[in-house]
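Q: I'm new to this one and would like to go through a few parts of it with you. Could you put it up first?
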Amino acid sequence: MLPLRAEVMNKTGVLLVVVAVLLFAAAYWATPKIIGMTGLFFIIGCCLQWRLRGGIASALWTTVAVGLSFAIHGENLALLGISVLVYFLLAFSLGIVLNYAYRQQAELEKSQMRYRALFEATGAATVVVEPDDTVSLVNRKTEELTGYSKEEIEGKMKWQDFVFEDELELMNSYRKLRLEKVDEAPQSYEFTYRDSEDNPKKALLIADIITETREVIASVVDITGRVRIEEKLKESEENLSIILQSIGDGVIVTDTGGYVTRMNLQAENLTGWKWLEAVGKPLSEVFNIINSRTGELELNPAQQVIETGKKVGLANDTVLISRNGSRYYISDSAAPVYSREGEITGVVMVFSDITEEYQAREALKESEEKFRTLAESSPLAIMIYQEDVWVYVNSAAEKITGHSKEELYGMYYWKIVHPDYRQTIWEKGQMRQAGDTEPFQYDFKIITKEGKEKWVSLTGALITFQGKPAGFISVMDINARKEAEEALRESEEKYREILATMEDGYYEANLKGIVTFCNESAARTLGYTVDGLIGKSFQQICKDPEEAFEKFNRVYQSGRSEHSLTMELVRSDGTTAIGEFSLTLVRNDEGRVTGFRGIGRDVTERKRYEEQLKYLSMHDQLTDLYNRAYFENELNRLSGGREYPVTIISVDLDGLKLVNDTLGHEKGDELLKACAMVLQDSLRRSDILARVGGDEFVAILPRTGREKGEEVVERIKSNVELYNRKNEHQVPLSISVGLSTAEKISKPLEEAFREADDLMYRDKLHKGTGAKSQIIRSLMLTLGERDYITEGHAQRLEELCLELGKRINLTQKQLSDLALLAQVHDLGKVGIPDRILFKKGPLNEEEWEIMRQHSEKGFRIALSSTDLSGIADLILKHHERWDGKGYPMGLAGKEIPVECRILAIVDAYDAMTNDRPYQRAQSREEAIKELKKEAGRQFDPDLVKEFILLLGEKGAGDGTFSKEEGEGE
C-alpha cells in the first residue's frame, strides 16, 4: 500500500499539468505571442505551485512570468493586463484548492501513522486478509506467534496455510458466512493453528469485516497454555473425585450457605442419601446428628465453621441418624475451604463410623473387670502402657514375649522390641501417648526372653485407663504367617516348574496371538515340543483362524476374562482336537495390556461323549430309532410348515407282553428290533420313524398324501410276511397299523396322530386274539422242539390221566380239560433258560425260584388264548401239594382241582420211570414205593391208591403187578 499523501499529490499534479497544457494550447491558438508565452510561464508556475503547495506563491510567480513576457515582446497592454488578471485569479483559486487538499492529506497521513502504531501495539497477533484470502498486512506479534517474518507472509501466504486440515472446512464455512451474512457469523472461536515448524497450537480468533473493501481484520490470541491448564484442572478434578470415592471416611462439602455440593460413596452409605439427591439440600436435612446422651440436635457444623472460620470437631457422643433410621456414632471434624484470596468458599466435613469403637469404649468404661476377663481370654497379647512402661498385660503377652507379668510390669515397652525396629516403635508410642488418636497397625520383630526373634503384628490406639491416657495395643504372633509368606515367595520362583508338571496346558501369548510361553502339557496336547509350540500363532493352531481372532479380540475389547471357550485345534500331525481353554488379559505395571494367558485342556473325548449323550437323548437305545421326545419335536416343527400333506402311520407290535412274560425280555427286545428293521426298510430316508412306547412305533411321512401312505402300509405288511417266512422257527412278527393324513395346514398334526392311533387300536381289536393264538402256537412248537423231556411224555401223561380220570368217574368236560392239561401244563417252561432246564444235577435255590415261575407264565399264556383260557387256572395250580407246601398259591387238600391232583401223580410217576437230565430212570417198583411215601404229603392219598391199582391192572397181563400190591400201603 502507498502512503496516502503521496497518492493525493500524484493525482493533483497530474490534474494541474493537464489543465495547464489545455490552457496553454488555447492561449497559444488565440494569441500565440503574448498570451501564449504567459501561459507557458503559467504552466511553469503551476508546477512550482504543486511543489510549493501554496496559491499565493504560484500567483506571484505568474505575475513575474507575465511581466517578463511583456518586457520581451511589448505587445498590447490591455490584452496583456486582461491575461495577467485571468491567470492570476485562476492560479490563486487552484492554489487555495490545493492547499486544502494538502491539509487533508496531512491529516490522513497522521491518522495512518496512528493506525499503524495501534496495529503494532496491540497485544494480539493482528492480520488483514484480502477478499482473495491473501494476508496483506500483519504485525510483529503475528511474526512471534507464527515464526514467519512479515516479508514471508504479506502478499505471499493465505490464511489457510496456518490452519490444520481437520479444521479447515469449519473455518471456511465461518468465513463464507461472514462475507455473506456478517450478523450471523461468529465473532470469535477457538481453532488449532500451525507455526513455521508445523507445531499444533490452540488459539482464540476474533474477526470482523471491512464492508467497503470486504477485507477481514482478525486478532489471534495463543491460548495453548490456557487449554493445557484447563486439561490439568479437569484431570485434577477427576483425581480428586477418585480419591474422595476411595477413602474410607465419609466426606460432605457444602457452600457458604450450608447447602450440599459434593458427597463421596461412604457419606452416601452412612447418611442414606445419594449425592445427586442431596445436592442443593441444607446440610441439616442430609446430615442429621444428635447427642446420644441428651437426644438433642447437635449444632450444624458447617454453620459453625462459616461463623468462626475455624475447624470444628464433633463430640464423641455424636450420633448420625441415617435416612432409613439407622444410627451411627461418628467422629472427626469440619473445616473451612478457602479461595486463593483467602475467603471461605465452603466447608468440608470428614467423618467416620466409630460405632463399634464407641460401644467398645463405653463398655470398657463401664467395667474394667469385664475388660480384664475378655483380655485374659484373648489369644492376642493385650498390653497397655503409660509413661512408656507396661501397666497391664494379659496371659497371652506372657506366652508371646516369654516374660512373666511381674517382669513386664514396670518395663519400658520398647525393651522387648528388636533393635532394628526399636526407634520406629518408640516414635509411634510417643505419638500415641501424646494424644494422636489415629489407629496404628504394623508388623515388626520382638526379642523373647530366651533371645529368639519373633514376628508380631501390632494394632494400637489411645485409650483412657484408670482415668489417664494410655497406649493400648494388641499383639498377634505372626511368626508362622511370615514364614509362610517367605515360603510363598520361594514358591513363586518355582511356579514355572509347577506349570511344567500340570496336567492342564498353560500358555501365554502376545497381542498378535503368538505363543510366547507354554508348559509341557500344552505342547504335548498339540503334538509339539515346548520350543516347537512357542512362536506359533493361534491362527496357525486353530482350525478356524477367524473364530480365534474373534474370541481374542472380544476379550481384548471387553477387558473381561472368559472361560470354557472351545475351539477345534490342529495338531502337529494334521489331526484335529477340541480344546477348552480360558482367556485372560496380561497387563504390565502401568496397567497396559501386553498379551493373553490361560489354561487349556483336550476335551475331544468329552465332547464326543456329550455328542453321544445328545444322540441318546433323541434316540431309542434298543432300536436306534428316534424316541418320543424327538417325535414330538418334529410334530411341532412340521405343524404349520410347508411339508403338507403329512401322513402319520401308527404301528403296534402284537403280543410283546406275552413274549416278554414267557420267553423273557431278551426275546421281546429281539422282536422289537426285528419290527424296527422291517419298518425302516419299508420307509423312505426322508420319513421320520420313532419308537414312542414299549411296543408302539410312529412314522411321519412329510409331503405324502393318503394314497401314497396306504402304499407304504401295504409295503410294511408285505415285509412283515416276508420276515415271518424267512424266520418260520422263531416267534412270528405281528403288527397292528393305523393311518391318517393331514392334507392341509387346517388339520393339526396332533389330531392326525390321535386318529392314526385310534385306527391302529381298531385294527388290533379286529384281529382279536388271532395274533396271540399264532404266537402261542409258535411257543408250543418251540416247546416241542426243545424236547426237554423224553419223547412221548405228553402222550403218556394224557393216556394215564384219562384212565385215572375215568376210573374216578370225572365228567366229560373234566376229562377234556385233563387231556388238554396233560399236553400244555408245562407251556410256561418255554421261558426257562436251557442252563436251568437241562442242568445235570440238583438246582440251587435261585434256579428253583426261576423254575417255579413256569406255572404262572403258563397261566398268563393260556389266558391269552381262547383255546387255552378254560384250563388257565389248572395250569396255574398244577404244582400245588396235598399238604399245602406247593406253589404258587400254597393250596392244600381238595382246594386243589382234581385235574391238577391227577396230573401231579401221573407226571411224577412218568418222571421217575424215564431218564431226565438230572437223574437216571427208576424201576416201576421204586416209583410205586416213592408214590406211596409221598401219599398224604405231596399227593392225594386216595388218588395214589387208585393210580397204583390202575397200574396193577395194566401190569397184570405181564405179571409185573398184582391187585393185592395195589391195595397195599
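Q: Which residue in β22 does E508 stand opposite?
A: In this predicted model, where local features need pLDDT of at least 70, side-chain atom pairs count only at pLDDT 80 or more and totals for chains, interfaces and linings use all residues, E508 stands opposite R597 in β22. Residues are numbered from 1 along each chain as its sequence is written, and side-chain values use heavy atoms, with hydrogens and water left out.

Q: And how many bridges are there between β18 and β22?
A: Strand β18 (residues 505-510) pairs with strand β22 (residues 593-602) over six bridges, in the antiparallel sense. Two strands count as paired if DSSP finds at least two bridges between them, and the strands (E, at least two residues) and helices (H or I, at least four) are DSSP runs numbered from the N terminus.

Q: What order do the strands of that sheet come in?
A: The order is β19-β18-β22-β21-β20, five strands in an open sheet with antiparallel pairing. The edge strands, each pairing on one side only, are β19 (515-518) and β20 (562-570).

Q: Which helix packs on the sheet?
A: Helix α23 (residues 545-558) does, touching β20, β21 (576-587) and β22, and its direction makes about 160° with that of β20. Contact here means heavy atoms within 4.5 Å, while angles run from 0 to 180 degrees between N-to-C directions, with axes fitted to C-alpha atoms, for helices over the stretch in contact.

Q: Switching topic: at what angle do α32 and α37 cross?
A: The axes of helix α32 (residues 812-824) and helix α37 (residues 898-912) cross at roughly 45° and come within 10 Å. That makes α32 oblique to α37, since angles under 35 degrees count as roughly parallel, over 145 as roughly antiparallel, 65 to 115 as roughly perpendicular and the rest as oblique.

Q: Which residues make that contact?
A: From α32 they are Q814, L818, L821 and A822, and from α37 they are V898, E899, C900, I902 and L903.

Q: What about α31 and α37, how do their axes cross?
A: The axes of helix α31 (residues 793-807) and α37 come within 9 Å and cross at roughly 135°, and the two helices are therefore oblique to each other. Among the residues in this contact are L797 and L800 of α31 and V906 and Y909 of α37.

Q: Last one: how many aromatic pairs does the structure hold?
A: The structure holds 14 aromatic pairs, where rings of Phe, Tyr and Trp (its six-membered ring) pair if their centres lie within 6.5 Å, and planes under 30 degrees apart count as stacked, over 60 as edge-to-face and the rest as tilted. The ring centres of F287 and F351 are 5.0 Å apart and their planes lie at 55°, so this pair is tilted.
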